[in-house]
Amino acid sequence: MNKKQTISRATKIQKKKQALRKQLWGEIDPDTIWNRKLNDGYTTIPRTMPIVFQIMDDLSEKSKPISSTYFSLWCRVFDESFIEIKSPDEMAFESGYSGQRAVTTWKARMKILANLGFIDTKEGASGQYNYVLLLNPYIVIKKYYEKKKVQEGKYNALYARAQEVGANDLG
């Protein structure tokens with residue numbers, strides 16, 4: 001499918017969804033709903049992210065989920081897949097950690113993300129995680145699946161959903 005066909009298909013789908021929304025909820029004040037094209041402060045998130053998060057947490061050390069830390073990074077990244085972290089305290093808070101050990105917990109989760117290969121980091125003025133490169137989570141997960149470290153059912157669900165949304169990174 002070429003770019004023009006893809007845009008045409010997306011427009012048809014959008015019109016159908018808008019018609020169904022109107023049928024279900026009637027006229028809606030546009031200011032009361034989120035529109036990524038009109039509102040600043042958004043990022044692109046893969047539609048497979050809920051399954052990616054489950055697999056990431058499964059790969060992490062017992063009782064040390066990493067998905068909230070990864071998600072806070074993803075929400076700061078642009079197309080170059082690179083983040084400059086100036087405040088570990090702020091990142092710890094956004095990741096859901098609080099109290100005296102918030103930054104320590106965040107750093108521990110960052111270490112797990114790096115060890116698993118979901119991110120690469122470089123030290124800078126703000127510490128060990130000043131510069132962060134987000135790597136393609138599909139490629140990382142596929143590597144672990146091939147090593148039999150990802151549950152087959154979850155990988156199959158990820159693969160199927162990725163195919164459904166047009167992501168070809170897994171295969």
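**Entry 1: S63**

I began with S63, which is exposed, at a relative accessible area of 67%. Exposed means over 50%, buried means under 20%, and partly exposed is in between, with a 1.4 Å probe and protein chains only. Such areas come from the Shrake-Rupley method with a 1.4 Å probe, and for residues only the protein chains shown count as cover.

The model is a predicted one, in which local features need pLDDT of at least 70 and side-chain atom pairs count only at pLDDT 80 or more, while totals for chains, interfaces and linings use all residues. Residues are numbered from 1 along each chain as its sequence is written, and side-chain values use heavy atoms, with hydrogens and water left out.

I found S63 in the loop between α2 and α3. Helices (H or I, at least four residues) and strands (E, at least two) are DSSP runs, numbered from the N terminus. The phi of S63 is near 60 degrees, a positive value in a residue that is not glycine. Most residues other than glycine have a negative phi.

S81 sits in the loop between α3 and β1 and is partly exposed, at a relative accessible area of 27%.

**Entry 2: the whole protein**

I counted seven helices and three strands. Along the sequence they follow the pattern α-α-α-β-α-α-β-β-α-α. The C-alpha trace spans about 50 × 40 × 30 Å along its principal axes.

How many residues are there, and what share of them is buried? The protein has 171 residues, and 30% of them count as buried. Its accessible surface comes to about 11900 Å², and carbon and sulfur atoms hold 50% of that.

I also looked at contacts (heavy atoms within 4.5 Å). Of those between residues at least 6 apart in sequence, 53% join residues at least 24 apart.

**Entry 3: charges**

I noted 28 positive and 19 negative side chains, with the centres of the two sets 7 Å apart. Lys and Arg count as positive, Asp and Glu as negative; His and the chain ends are not counted. Each charge is placed at NZ of Lys, CZ of Arg, CG of Asp or CD of Glu.

K17, R36, K37 and R47 gather in a surface patch of positive charge. Residues in a patch have over 30% relative accessible area and no salt bridge; like charges are joined within 9 Å, and nonpolar side chains (Val, Leu, Ile, Met, Phe, Trp, Tyr) within 5 Å. K37 lies in the loop between α1 (3-25) and α2 (49-59) and is exposed, at 60%.

The surface also has a nonpolar patch, formed by L20, L24 and W25, with about 390 Å² of accessible area together. L20 belongs to helix α1.

**Entry 4: salt bridges**

I found six salt bridges in the structure. In each, a side-chain nitrogen of Lys or Arg is within 4 Å of a carboxyl oxygen of Asp or Glu.

K22 and E27 form one of them, at 3.0 Å from N to O. K22 is partly exposed at 48% relative accessibility, whereas E27 is exposed at 64%.

A salt bridge also joins R76 and E94, with the closest N and O atoms 2.6 Å apart. R76 is in the loop between α3 (67-74) and β1 (82-84) and E94 in helix α4 (residues 88-94), so this pair ties together parts 18 residues apart in sequence. Salt bridges with shared partners join R76, E90 and E94 into one network.

Which residue does K154 pair with in a salt bridge? K154 pairs with D58, the closest N and O atoms being 2.6 Å apart. This pair links distant parts of the chain, 96 residues apart: K154 in helix α7 (residues 152-165) and D58 in helix α2. D58 is partly exposed, at 40%. Not counting residues up to four places away in sequence, K154 touches I51, Q54, I55 and D58. K154 and V52 are 102 residues apart in sequence, yet their C-alpha atoms are 8.9 Å apart in space.

**Entry 5: R109**

Is R109 buried or exposed? R109 is buried but has no salt bridge. The nearest side chain of opposite charge is D57, 7.4 Å away. R109 lies in helix α5 (residues 102-116). Leaving aside neighbours within four places in sequence, R109 is in contact with S63, K64, P65, I66, T69 and Y97.
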